Amino acid sequence: MKKENKVQEKKYFRSLEELEGSKEYKEKAGREFPEGASEMNNDWSRRNFMGIMGASIALAGLAGCRRPKEKIVPYVIPPEDVIPGIAQQYATTMPFGTSSYGIVVESHEGRPTKIEGNKLHPSTLGSSNAMIQASMLGLYDPDRSQKVLQKGKEKTFDDFTAFWVEKFASYKDTKGEGLAVLSESFASPTLARLKKNFEKTFPKATWATYEPVSDENIYLGLKFAAGKDLQPVYDYSQADVILSLDSDFSLTESEDITANAGFAAGRTIEDEQSKMNRLYVVETAFSGTGGVADHRLVIKQHEIVRFVNALAKKLGVKGSQETPNVDLPASCNAWLDPLVQDLIASKGKSLVVAGRRMPHGVHALVYAINNELENLNKSVKYVELRDVEVSSVDSLKALADRMNSGLFSTVLMLNANPVYNAPSDFRFKSALKKVENSIHVGLYNDETAKACSWHIPTTHYLENWSDARSVDGTASVVQPLIAPLFNGKSAVEVLSLVVSGEFVDGHTIVKETWKDLVSGGFDSSWRKVLHDGVITSSSSKTITPDYKSEYIYEVVGYLDQGNKDGIEVVFASSPSVFDGRFANNGWMQELPGAVTRIAWDNVAQVSKKTADGLGLKSEDMIDININGAVIQMPLWVVPGTADDTVILELGYGRKGIGRIADKAGFDVYHARTSSAMSYASGATIVGTGRTFELANVQDHWSMENRPIVREANKEDYEHHPEFAKHAVHHPPLESMWTEFKYDKGNQWGMAIDLTTCTGCSACTIACQSENNIPVIGKQEVRNGREMHWIRIDRYFSGDVDDSASVEMVHQPIACQHCEMAPCEQVCPVAATVHSDDGLNSMVYNRCIGTRYCANNCPYKVRRFNFFNFTKETPEIVKMAMNPDVTVRARGVMEKCTYCVQRISKARIEAKKEDRLIVDGDVVVACQQACPANAIAFGDINDPESNVTKVKDRNRAYDLLAELNIRPRTSFLAKIRNINPNMPTTKIKPVDSKH
């Protein structure tokens, strides 16, 4: 067999060790599996097993948590519409800051187990993301707060109610003087109504709103530019040219699901003649969005601000001409003219977006730029904020100042945790000590709860009644799927008690709000809302506000603040734990970072040039001094990061909230101040002389210099449309025996488009939720024993000493379901076999754990259960498991099954209806979750099925097809739409002369 050496003019690598060919890497690569993955050489005990399992293992169960105790017996009179073994679907909504995500939840006899997107909801459109999927595990977290506490002593909610009734009378007499509420952001008709009632009942009281990661800068910028409180609604599918200014819109920004969907729609190409959008990204370090960019400019955060100002000037934005000129790096100047030409050529079909870390002045300019480019009411529209409470750092500062002055006797905190995440200069914990009655309502007995005089356990959104509005104003309902597991009270119920002095249940409160929202007969309309989860015609009216160009100079004038000496620190939200709210979620902690590929920790991310200059390397412990505040954490080198910059993820280093969060990562909030919420300058870094072991998976599997990732630029693709298939040359593939012909009945297959995949990991967590995949802990991940059935491989290319030249690509890898599967040929007990419909199946009760199949798998996608992670799982965690999927015990091999349980369900339904399975009857978990629609699945025997049509595209290729193993999963090669006028490294496809 002969390989074509000139596959592409770029060399892919997973890590610096692989690129350098270090001794350590060669030793790892020479092994079939990572060191430690095959040996039982670690000390393992019941004690440390319990300690790391967190939500997967707990010390005590929960009795009678789903239904009243008298019903935990066989049904005499079965509940209406409940058929044992048949799942039901209910629509609800997941609130998330000022966003909301409509979902459909699968429930088994009153036990929710799986979340999918609601096709009727404008923010999900039937898809989801990793955080939505993982929120299911949060419902069953045994570390959630379970008791009302007063100064650490157990009380009842009736005790708190009696306490508040007394306070209510006195505060009503004083019109609320000395009373304050601190809430998280929300977009909820009911909470907005209760807030108005609060202000009416207590006109002298104070209301503050704060979240550590929010869109506050976006709202402030729009108000300056347009003179109104506005909500931007982006439609990426309407843009031929997109410019992202530090906006990771496909992963960590608000509305990432619709952004992913719209962006992918503009890149879904059928052949070389299809048009595709072009993405420019300006950022400081690799993001998921930056990884799929056609052109990526790497500069420091303060330089992005200058870049936007220069861009506005070149576009002729009104008001920007009077702003001062600024010096830009040469790389920026080389970018500007071609970028401006492309944007102007695409007027009305372009889109400029800025990330939430950018100052509000940048967002004002972005509004002005989109206005200048005639994008308003096309790729971006604006609606007025309705029932929205926006985070405000200033409101939190005013609250903290007045608390320090002793002006408040009672402060109520609704789902807020300022002791942990407030700007450090506010000294919120010390201010709280000066408040006589501090009341905390939250899911966990967290850092703020421990500092308060009262703590009230609240409900998970799957346990309570509430409502929400999406960014376009569409109203949706939040309805419970299960009774509160720990007798918590929702924010709606507690706020209603505070406002009225009497307790009312959430259902009654929400229905009171919706009497004014629905039309026609209330009962019938209400039932339809509960069925659909949303009022589809309730979106806000689009407005076209006047552009206040006279304010631009005022807003932008401060942006040029001279040279920034020293190292710049960037505070980033985590794609795993966000702002810390998922810190005790095992699924999210064990999910490797999209860029770093690290699980269970955050790191100080720097470029290789910066690390070399400091004399440091990955896993070295360092001290980062940020204006006197010192953070100690491990350093990690990531190619493509701006030099003299360090990226710090928020949300880690939490203590005392649960076994998952404890000892996971490092707290960086204490170095974040109100004047440097997004980034800070003048930091210094010194090594401590110590190292810290990280659970990094990027070197666990290797390409071995094989063309696994295949890509080209659009121009070369047009000239060589068959490049992907010609990446490897081999003689005709013949077998030594008569092969089984898979030509009858349904034959299942998959195709994954690398052009639209952004590596968001929604598929990984959806698969984990659907298939009962256990959490194994940091040490076992370090040993190479991660259990995910879908891994997202990440590859770099380019010069690691030149961050601007580095590119990144993601590739999801799962079992390929080979028709000539190497794993099947070596199993001594026929535990891995092939089905008539083309699935590579595992028979768990035959498997004896030889692991020959894993050794013989060229994709390294088979997972072995080294320990019995499910043996002592308590009842509450068992409730999260899918009853349609076997819970595997220790000593068996497991891997992707193409969601065979969903195939079986579709087959049964088709048989009941006396028909054949049709395309779309089977939607696998990863496919259903994928917001980019990058995964196609179906019957490859059906010439009209979507997966067949995708596999027929000329970009399609089979991974390691030269081994004659005939995988059922195909990939579509990645295409980048390069602007020939931009300074860039071109991607050359394989020469098609054969």
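This is a predicted model: local features need pLDDT of at least 70, side-chain atom pairs count only at pLDDT 80 or more; totals for chains, interfaces and linings use all residues.
Asp612 is partly exposed at 44% relative accessibility, while Lys608, at 15%, counts as buried.

A salt bridge also links Asp620 to Lys617, and here the closest N and O atoms are 3.7 Å apart. Asp620 is buried, with a relative accessible area of 9%, whereas Lys617 is exposed at 54%. In the salt bridge between Asp793 and Arg791, the closest N and O atoms come to 2.8 Å. Asp793 is buried at 2% relative accessibility, and Arg791 is buried too, at 11%.

Turning to the strands, three of them make up an open antiparallel sheet, in the order S2-S3-S4. Strands S2 (88-96) and S4 (111-117) are the edges, each pairing on one side only. On average, neighbouring strands are turned by 35° against each other, direction ignored. Nine bridges hold the antiparallel pairing of S2 with strand S3 (residues 99-108), and Phe96 stands opposite Ser99 in S3.

Then there is Ser769, which lies in helix H23 (residues 762-770). At 2% relative accessibility, Ser769 is buried. Leaving aside residues up to four places away in sequence, Ser769 touches Thr113, Lys114, Gln133 and Trp587.

Definitions and conventions. Residues are numbered from 1 along each chain as its sequence is written. Side-chain values use heavy atoms; hydrogens and water are left out. Two strands pair if DSSP finds at least two bridges between them. Helices (H or I, at least four residues) and strands (E, at least two) are DSSP runs, numbered from the N terminus. Axes are lines fitted to C-alpha atoms, for helices over the stretch in contact, and angles run from 0 to 180 degrees between N-to-C directions. Buried means under 20% relative accessible area, exposed over 50%, partly exposed in between (1.4 Å probe, protein chains only). Contact means heavy atoms within 4.5 Å. A salt bridge is a side-chain nitrogen of Lys or Arg within 4 Å of a carboxyl oxygen of Asp or Glu.
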